[in-house]
Amino acid sequence: MPLTAATAAQKAHTLSEALPYIQRFFDKTIVIKYGGNAMTDPKLQEGFARDVVLLKLVGMNPVVVHGGGPQINDLLQKVGKKGEFVQGMRVTDEETMDVVEMVLGKVNKDIVNLINRYGGKAVGLTGQDGAFIRAEKLLLESNDEPGKMLDIGLVGDINKIDPSIITFLDSGDFIPVIAPIGVSPDGETLNINADVVAGKLAEVLRAEKLVLLTNTPGVLDKNGKLLTGLTPKQIDGLVKDGTLSGGMLPKIGSALDAARGGVRAVHIIDGRVEHALLLEILTDEGVGTLIKSK
Ligand SMILES: Nc1ncnc2c1ncn2[C@@H]1O[C@H](COP(=O)(O)OP(=O)(O)O)[C@@H](O)[C@H]1O
Ligand SMILES: CC(=O)N[C@@H](CCC(=O)OP(=O)(O)O)C(=O)O
């Protein structure tokens, strides 16, 4: 069907709008957290893969960190286990860890394949590769009994990320795709929340941007209204009054740490919107919640 003059002008305008963003982010690192909740629809997955390839081709260095929480829950259910979370972190016994590794391995390869199908050169990694994510067992402070530390099993608290393998891949044509698994000093694999890995990696890589793709329009207030920008003080209030809960807790904590750690722009956006990533990075249509460092 031929384009009308108005539609053609609109399309040209949208393409042209990308120019200053392409210039600004040229050769800059963009860490993208692809949440398990944002990857459930095949059409959205294809859109995501195309967006990542496009960002690489226009000269940016996209680094993908993926989750897979709902997919892990599905397999746990099939083997007769129930997913249990404390403060947004999965309680991980040995059997659960096997399921986590299995599912994240499959999710990782699916993303790699999809990016490659659209002409990218994705390379899948976990923190075990080159032992680039070193962690120790996480102890969480109990909310009910301050001072009491909770052991939630084989869950990692990041000690150190060695960025050299990622910068090496970035400097070539490659797109790193990272599963959130770390390795302890004695070689044990540890399950790490993907938001935590993405936030820390963005900091260590001195990324220009961290974009967390999830299944809500962003951070919502008590009445379900989108909060477009949040300061540390506002976040503190939302945690204390219970507006933020579950998976949003590690997400907001990591986002704030990254913003304070020097990542210039940290956004939580709706991965259910087609091409949400392109809209966020290459257009004036900033969507979701911007996390401010002060
Ligand atoms: N105030 C809030 N605003 C938005 N989402 C919230 C809020 N509090 C809790 N959540 C929950 O956090 C979830 C996102 O975190 P999570 O399930 O870990 O997603 P992901 O797989 O993208 O990391 C949302 O689906 C929502 O249920
Ligand atoms: C310790 C911990 O909670 N690990 C997460 C890792 C996957 C993840 O973070 O996935 P999403 O981003 O899709 O939530 C888990 O086992 O679910």
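Predicted model: local features only at pLDDT ≥ 70, side-chain atom pairs only at ≥ 80, totals over all residues.
Residues are numbered from 1 along each chain as its sequence is written, and chains are lettered from A and ligands numbered from 1 in the order in which they are written.

**Exercise 1.** Find how helix 7 and helix 9 are oriented to each other.

*Solution.* 
Step 1: Locate helix 7 at residues 194–204 and helix 9 at residues 248–260; helices are DSSP runs of H or I with at least four residues, numbered from the N terminus.
Step 2: Take the angle, about 5°, and the distance between the axes, 8 Å. Axes are lines fitted to C-alpha atoms over the stretch in contact, and angles run from 0 to 180 degrees between N-to-C directions.
Step 3: Angles under 35 degrees count as roughly parallel, so helix 7 and helix 9 are roughly parallel to each other.
Step 4: Look at who touches: the contact includes D195 and V196 of helix 7 and P250 and K251 of helix 9. Two residues are in contact if their C-beta atoms, placed from the backbone, lie within 7 Å.

**Exercise 2.** Work out what share of the protein's residues count as buried.

*Solution.* 
Step 1: Use the cut-off: a buried residue has 20 or more other C-beta atoms within 10 Å of its own, with C-beta atoms placed from the backbone.
Step 2: Of the 294 residues, 43% count as buried.
Step 3: For the setting, the C-alpha trace spans about 65 × 40 × 35 Å along its principal axes, and the protein has 10 helices and 16 strands, a strand being an E run of at least two residues.
Step 4: Among contacts between residues at least 6 apart in sequence, 75% join residues at least 24 apart.

Conventions. Parallel < 35°, antiparallel > 145°, perpendicular 65-115°, else oblique. Buried ≥ 20, exposed ≤ 12 C-beta atoms within 10 Å, placed from the backbone.
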